[in-house]
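This report is for a reader who meets the structure for the first time. Please look through the sequence and the model before reading on.

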Amino acid sequence: MNPGSYGTWGVYCIDPQYAGGTVTYIATSAGRDKCAGDGIIWVGVITTVSGGGGIGTGGGNGDGLPGGMLP
């Protein structure tokens with residue numbers, strides 16, 4: 001997943017009827033005051049950081065099972 005930008009993000013969702021269920025989470029660099037309003041639920045803060053590239057050392061035989069295990 002690429003956050004698009006690294007740093008500290010406020011996370012909220014919008015549920016106008018406060019009905020629960022499936023919601024979409026939104027990240028903002030603006031802060032919680034920018035998220036005040038009916039149906040906006042403040043979730044918290046996350047920090048994204050850049051990481052080094054991953055290094056793959058495993059192999060495979062193309063069967064999609066770990067370690068070349070056959071069904």
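## Basis of the model

The model is predicted: local features need pLDDT of at least 70, side-chain atom pairs count only at pLDDT 80 or more, and totals for chains, interfaces and linings use all residues. Residues are numbered from 1 along each chain as its sequence is written, and side-chain values use heavy atoms, with hydrogens and water left out.

## The chain as a whole

The protein chain has zero helices and three strands. Its elements follow the order β-β-β from the N terminus. Helices (H or I, at least four residues) and strands (E, at least two) are DSSP runs, numbered from the N terminus.

Of the 71 residues in the protein chain, 15% are buried. Buried stands for under 20% relative accessible area, exposed for over 50%, and partly exposed for values in between (1.4 Å probe, protein chains only). The protein chain exposes about 5,700 Å², and carbon and sulfur atoms supply 54% of that area; accessible areas come from the Shrake-Rupley method with a 1.4 Å probe, and for residues only the protein chains shown count as cover.

Contacts (heavy atoms within 4.5 Å) can also be sorted by sequence separation. Among those in the protein chain between residues at least 6 apart in sequence, 48% join residues at least 24 apart.

## The sheet

The three strands form an open sheet in the order S2-S1-S3, with antiparallel pairing. S2 and strand S3 (40-48) are the edge strands, each pairing on one side only. From one strand to the next, the twist averages 30°; axes are lines fitted to C-alpha atoms, for helices over the stretch in contact, and angles run from 0 to 180 degrees between N-to-C directions.

Two strands pair if DSSP finds at least two bridges between them. S1 and S2 are joined in the antiparallel sense by four bridges. Across this pair, Cys 13 stands opposite Tyr 25 in S2, and Val 11 has Ala 27 in S2 as its bridge partner. S1 and S3 pair over eight bridges, also in the antiparallel sense. Gly 7 has its bridge partner, Thr 48, in S3.

## Asp 15 in the loop

Asp 15 lies in the loop between strand S1 (7-14) and strand S2 (25-28). Is Asp 15 buried or exposed? Asp 15 is buried, because its relative accessible area is 10%.

Asp 15 touches Gly 20, Val 23, Gly 39 and Ile 41, leaving aside residues up to four places away in sequence. The side chain of Asp 15 also reaches the backbone nitrogen of Ala 19 at 3.1 Å.

Methods: A polar contact is a pair of N or O atoms within 3.5 Å; within protein, one must be able to donate a hydrogen and the other to accept it, and residues adjacent in sequence count only if both atoms are side-chain atoms.
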